[in-house]
Amino acid sequence: MIDVPSFAELNLEVALPGIFLALFTTVLLIVDLFIPKDRKITTAHLTIGALVVAFVLNLPAFNAGETAMNEMFIADAFAGFVNMIVITGAIITVLLSVDYMKRSGIEHGEFYSLLLFSVSGIMFMGSANDLIVVFIALELLSIPLYVMAALRHDDVKSEESGIKYFILGAFASAFFVYGAALIYGATGTTNLPEIFRAIAGADGIVATENSAMIYLVIGAAMVIVALGFKVAAVPFHMWTPDVYEGAPTPVTAFMSVGAKAGGFAGLLRVMIIGLPLLVVNFGDAVETMAIGETITVPSAWQTALWLIAAATMIFGNFIAISQTNVKRMLAYSSIAHAGYILMAVAAVGTVQITKVAENDYTMVAVYAESALNGALVYLLAYTFTNLGAFAVVMSLENNDGSGTMLDDFNGLSKRHPLTAAMMAFFMLSLIGVPTTAGFIGKFLIFDAAIQAGLIPLTIIGVLTSAVSAYYYVRIIVNMYLKDAAVTDEAVGLTPYVNYATIVAFAGTLIFGLFPMLALDLLASSGAQIATLLF
Amino acid sequence: MEFSSSLSLTTITLFLPMVGFTILLFMNEQKDKEAIKWTAFGFSVATFIASLLMAFQFDNNDSGLQLAQRINWLPSLGISYFVGVDGLSMLLVLLSTVIMPIAIFASFNAGVIEERGRVKLYYLFMLLLEWAMIGVFVVQDLIIFYIFWEVTLVPMYFLIGIWGAENRVYAAVKFFLYTMAGSVLMLLALLYVGGQAGTFAVPEIVAQVQSGQLSFPMDGIFSTQSFLFLGFLIAFAIKVPVWPLHSWLPDAHVQAPTAGSVILAGVLLKMGTYGMVRFCLPMFPQASVEWAPIIAALGVIGIIYGAWVSFAQTDIKKLVAYSSVSHLGFVVLGIFSLTSAGIQGATLQMISHGVSTGGLFLLVGMLYERRHTKLMAAYGGIWKVMPLFGGISLVVSLSSMGLPGLNGFVGEFTILLGTLGSDVLGTLFALFATAGVIMAAVYILYMFQKVYMGEVDKAENKNLPDMNWQEVAVMVPILLLIFWIGLQPSAWFDVMDATANALVNQLQPHIEAVKNSGVPTAFHDLMMHIWA
């Protein structure tokens, strides 16, 4: 007999922000039908209003740490932070879209609904406490994006972009489902904390070795592949430049931060809560230990993530150097930035084993908290910075999509000093120069990785960020040190785009100078996860 | 250690330029052009006065941190806003605050700024630069230090890139990338150190190292401490620049506008040598001792190489730029002699070089304003046309050459004394370095002869106006310092004596250990054989 939980037991209010947004979007779809074609700005305003409401509803999550819907769903500081990132990102995206969609002749009210559906998908991802929820969230965040990428339907590039993203995305989803099935087969559950307990034993004390290890490892690999695709990690990044270039620019901007935040939220949930203690050669590692001794070993997936992170940072940065189209350069650089966050995920995989008594060991992923905080703050910084950079690119973009070449930035500091100054600041933030939010993110991630003993990976990280300075600085060179060939007004420099740039600039500056604002929000993240697990 | 969190004079000095920066932001470029200049100048003078007040409150007998202030910034990670000065940083703060008003005042009539416009941006960057430079010298927290260190890069990059000479973009980008590459390795090393120590406050880390509570393994050149030491050292060596990492410097100097060169030579290069004394020596004492002969050898190579290449230059500015490589070689040699005399000499040489090379760049800038060329061949007999200018140039050139009685001599002499008394370096180091002093005389006098002496054989040079009152006003503080340091060096040594002695006392056990140990490391062994 199936035990049907009562409505109160579902504890739905915990999931309120996401549910509100999903419901609102459904209503918005209908409301939009009655908004005349030339007044779609109303839809945009309604969208922003809904996002602001969701932002407020999300605030209690930071102190909650409660589960909902039979423990499939959780609201904690982690989820709250992801929601905050994605809601802010979506607000900026809407500001960017209003004029762009109109002047490109692709203004549809449905765009905003699609965006909101995707946002609620990412929010569910941040709160996922179960592989099934991760999967549903993955689909909910992806499917609207496929449509949005192809929105510029009279342009072949945009169509190609949508189809490419869809086919590869479908593949990735298949990988995820297969991986989840294998993990279920090995542990008998899809609930992440229960997977954790199945691997480590209750209270993190390992009694015996897990016989189904091989399925777990293959399952974990497949999950990494699937989510690696979403975050555009090398070698699953092939779709990125084409899709980013073909999609309408606001969609690209949102994909580069939103879909990335969603993918990383999923990856971090699975790795930190589900699989941190997946150590294959456990028996060999502990063989010679004395009672009371502590050693650190890598988890089964750490080496894989190490390699992916290194490849992503190297490849993304080096290919970005040779780009002359700034939009495409930002696409490749967004691959590189995924590499830095993957470095934090890899740091989670450093496991500390202590021998408590004979055949009795405790295992802890000691760096999970600092890695999680690093990854999330980096995502926040990247969201502001990259959306800001895209906002500036869009303000230069002509209606036919031209105007985003490196040379089009020449002399921008004379034509539009304020925009140029903010763009320069975004570029410095992407490099990771101090006083910008980008520095704080890089600093936290490098710190976590060094403490976790991933020193060669960190060296690759700092060297590639020095390499990245080369192509980011080139934009500053063109804006400030070269004279303009063109003098015509930037068509995209509309008030809404300016608002977006200023919001992004403020975020980049404020979190650069006062990182404690972000870190204080995450102060309880580690403790909340620990309560969940033990 | 507990430090007051109430507002200290150091904080006031540090943030005065920032106040000016904020006010400047809201001024109108077209309407208040003159006001912008004078506001920037006013705030740099105010900063200077604040730093003088610091110097009056400074107690020469105290070797520790003074005028300190500490506020938690990110307590969970052990990062705090922590500022204070000791004998070494006090002098460098004064150097920065003296050079800055001079550089700003010298920019008032610079042709290039009038021509390229963007006056407000220029002075914004100047104040930002001053803030960052003072920050580098006063902060006592590794992360905040790194922040200021990197921030100095940005305004200097723009100063070279926007208001520089023909090849400015190349020079600016090279400057940025070179320095950036060095400093990311330092970030790595300082994260590791901070992680191990559990705090990023330098005095606490040094105390832990001294008590043995925190020790980085040092057995041979491929050990943790060695790598950490190099992580810091390479960043500093690029900034100094130590041969063979110097190739960005001539480009940056030649392309930079006059004020940019003055600040670059006067203060920015000293950030590197200051970093060596402040971070490398006390945090990694064993590695410092082990590596001292090698780094000092690079310093000596720099002395000779810089002098040699200077002699071959046809461009006056390039000559002065390469002479910086030579002069800073002395500073590096002094620091890695690991003696109190060497370190004090090196610090005084940092000040001296800032004053005399800054002065030389100002003089070259004045010539350039009149003739728009920096080639020596275009001049000749300038003293006859511009007697006042010629006289002042002679004093500054002689000071740069190291004439006794002027400032350059004191530092170089003390460094050589320190080198001779050093337990880690042999006499050969001093011998080669002395050769550098002689070579300096050769290239400086050669330049002086070409430009100032002889007949006025070019028609364009016949009617050059002599210095105006603004130009004289700029040079007066430089001349005062040249004579003051040269004639009364004890006043300067008194400030840093206690700090330098404390630092060397801390290194002494490690120096003794290397001296007495039967099995020095391979590298050390090799160097001792070659040089001793």
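Let's start with a cut-off: buried means under 20% relative accessible area, exposed means over 50%, and partly exposed is anything in between (1.4 Å probe, protein chains only). By that rule S429(A) counts as buried, because its relative accessibility is 3%. Before going on, some bookkeeping: this is a predicted model, in which local features need pLDDT of at least 70 and side-chain atom pairs count only at pLDDT 80 or more, while totals for chains, interfaces and linings use all residues. Residues are numbered from 1 along each chain as its sequence is written, chains are lettered from A in the order in which they are written, and side-chain values use heavy atoms, with hydrogens and water left out.

Back to S429(A), then. You'll find S429(A) in helix α18 of chain A (helices are DSSP runs of H or I with at least four residues, strands are runs of E with at least two, and both are numbered from the N terminus). A polar atom of the S429(A) side chain lies 3.0 Å from the backbone nitrogen of G438(A). Setting aside neighbours within four places in sequence, the contacts of S429(A) (heavy atoms within 4.5 Å) include T385(A), T436(A) and T508(A).

Now for the place where the two chains meet. The size of an interface is often given as the accessible area lost when the parts come together. Here chain A and chain B bury about 2900 Å² between them, 83% of it on carbon and sulfur atoms; buried area is the accessible area (1.4 Å probe) that two parts lose on being put together, summed over both. On the chain A side, F443(A), Y480(A) and L481(A) lose the most area to chain B, together 20% of what that side buries. The contact draws on 34 residues from chain A and 31 residues from chain B.

What about polar links across it? Four residue pairs are in polar contact between chain A and chain B, both residues being at pLDDT 80 or more. A polar contact is a pair of N or O atoms within 3.5 Å; within protein, one must be able to donate a hydrogen and the other to accept it, and residues adjacent in sequence count only if both atoms are side-chain atoms. On the chain A side, α20(A) gives the largest share, 14 residues.

Over in chain B, Y81(B) sits in strand β2 (residues 79-85), and is buried with a relative accessible area of 13%. Its side chain makes a polar contact with the side chain of T11(B) at 3.1 Å. Other residues that Y81(B) touches, beyond four places away in sequence, include L14(B), F15(B) and W73(B).

The largest nonpolar core has 420 residues, and F232(B) and F336(B) touch the most other members. Such a core is a set of buried Ala, Val, Leu, Ile, Met, Phe, Trp, Tyr and Cys residues joined through side-chain atoms within 4.5 Å. Helix α16 (residues 368-396) of chain A supplies its largest share, 20 residues.

The peptide bond from V240(B) to P241(B) is cis, with omega near -10°, and so is the one from W243(B) to P244(B), with omega near 5°. P241(B) lies in the loop between α10 (224-239) and α11 (248-255) of chain B. A232(A) is not a glycine, yet has a positive phi of about 60°; A232(A) counts as buried at 1% relative accessibility.
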